[in-house]
Amino acid sequence: MQNFQPRHFAIVPAAGNGSRMAASRPKQYLPLLGKPLIFHSLAVLCAAPAIDKVFVVLSVDDAEWRRHDWSSLGPKLVPLFCGGATRADSVLAGLRAAAHEVEPSDWVLVHDAARPCLAPWHIEKLIRELARDEVGGLLAVPVADTLKRAGEHRQVLATVPRENLWQAQTPQMFRHVMLRRALEAATHVTDEASAIEAAGLHPRLVEGDATNLKVTYPLDLHLAEWILSNREG
């Protein structure tokens with residue numbers, strides 16, 4: 001009997017509006033090196049040999065997507081206009097919409113739409129290190145800065161020990177059925193690993209690097225441009 005080999009799929013929730021960027025359009029469509037911000041990570045995911053399809057979950061009324069040309073990313077890219085009010089809602093909607101193509105034990109890599117500096121080696125390392133893991137895990141980096149807990153008026157209340165603290169990144173990779181059940185049970189989480197943790201499981205941390213930054217504020221867009229320009233050059 002032939003052993004079943006799980007496949008890998010990606011889901012990119014992109015139904016948010018990126019309010020902290022103070023921009024006139026959703027953050028994922030801001031220009032970055034002549035392309036929409038989201039284009040860069042989608043291109044890396046679509047080019048990854050291990051990934052079969054890339055589902056990008058958009059708002060139901062997203063009118064911006066069709067204004068751009070995504071044809072160079074090839075047939076792996078599948079837009080789904082079923083996004084919800086939160087990241088968890090969008091990922092869960094994407095998992096449900098893709099269920100007819102994805103087996104329960106296939107891996108799903110969820111990646112932030114606002115992390116345009118994803119590199120091929122980030123994906124390769126994540127898949128390699130989690131291949132035999134029973135739960136799955138996520139890219140993350142150890143916290144390097146001294147952390148302060150603030151009070152109501154921003155006075156320092158305490159210094160938080162940084163030992164064993166990690167900053168979560170994406171992709172986060174879990175089995176389709178496990179992630180879907182976890183998100184159905186824990187709807188108010190801010191990432192997929194938190195949903196898995198709420199189910200009593202322990203995701204593995206796979207060390208990434210600081211170049212896989214999330215664009216949250218306007219300055220981050222300039223940092224992302226510098227990273228991509230220097231990486232490609």
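Contact is taken here to mean heavy atoms within 4.5 Å, and helices (H or I, at least four residues) and strands (E, at least two) are DSSP runs, numbered from the N terminus. The structure is a predicted model, in which local features need pLDDT of at least 70 and side-chain atom pairs count only at pLDDT 80 or more, whereas totals for chains, interfaces and linings use all residues. Residues are numbered from 1 along each chain as its sequence is written, and side-chain values use heavy atoms, with hydrogens and water left out.

Burial is described by relative accessible area, with buried meaning under 20%, exposed over 50% and partly exposed in between (1.4 Å probe, protein chains only). The buried residues of helix α4, which spans residues 176-185, are H176, L179, A182 and L183. Seen down the axis of α4, these buried residues fall within an arc of 140 degrees, so they line one face of the helix; the arc is that of the directions from the helix axis to the C-beta atoms. On the other side of α4, R181 and A185 are exposed. The partners against which the buried residues of α4 pack are α2 (87-97), β6 (107-110), β10 (166-175) and α5 (192-198).

Within helix α4, H176 has 5% relative accessibility and therefore counts as buried. A polar atom of the H176 side chain lies 3.1 Å from the backbone oxygen of L95. When neighbours within four places in sequence are left aside, the residues in contact with H176 are L95, A99, V102, E103, P104, D106 and V108.

Strands are said to pair if DSSP finds at least two bridges between them. By this criterion β1 pairs with β4 in the parallel sense over seven bridges, F9 standing opposite K53 in β4. β1 and β6 also run parallel and are joined by four bridges, and here H8 stands opposite W107 in β6.

Strand β7 (residues 136-142) has six of its seven residues buried, so it is largely enclosed by the rest of the structure. β7 and β10 run antiparallel and are joined by six bridges, with G137 opposite M173 in β10. The pairing of β7 with strand β11 (residues 204-207) is parallel and comprises four bridges, and L139 stands opposite V206 in β11.

In the loop between β11 and α6 (218-232) lies N212, which counts as buried because its relative accessibility is 0%. The side chains of N212 and Q169 are joined by a polar contact of 3.2 Å, where a polar contact is a pair of N or O atoms within 3.5 Å; within protein, one must be able to donate a hydrogen and the other to accept it, and residues adjacent in sequence count only if both atoms are side-chain atoms. Apart from neighbours within four places in sequence, N212 is in contact with H111, R115, C117, L118, H122, L139, Q169 and T170.

In soluble globular proteins, nonpolar side chains tend to be buried together. A nonpolar core is defined as a set of buried Ala, Val, Leu, Ile, Met, Phe, Trp, Tyr and Cys residues joined through side-chain atoms within 4.5 Å. The largest such core has 30 residues, and those with the most contacts inside it are L42, V54, V56, W70, L77 and I123. Another core, of 25 residues, lies apart from it and includes F9, L80, V91 and A186. Helix α1 (residues 37-47) is itself mostly covered, nine of its eleven residues being buried.

Among the buried residues of α1 is C46, for which the relative accessibility is 8%. The cysteine sulfur closest to that of C46 is in C82, at 17 Å, which is too far for a bond. C117, at 0% relative accessibility, likewise counts as buried, and its sulfur is 17 Å from the closest cysteine sulfur, in C46, again too far for a bond. With a disulfide defined as a pair of cysteine sulfur atoms within 2.5 Å, the count comes to zero disulfides.
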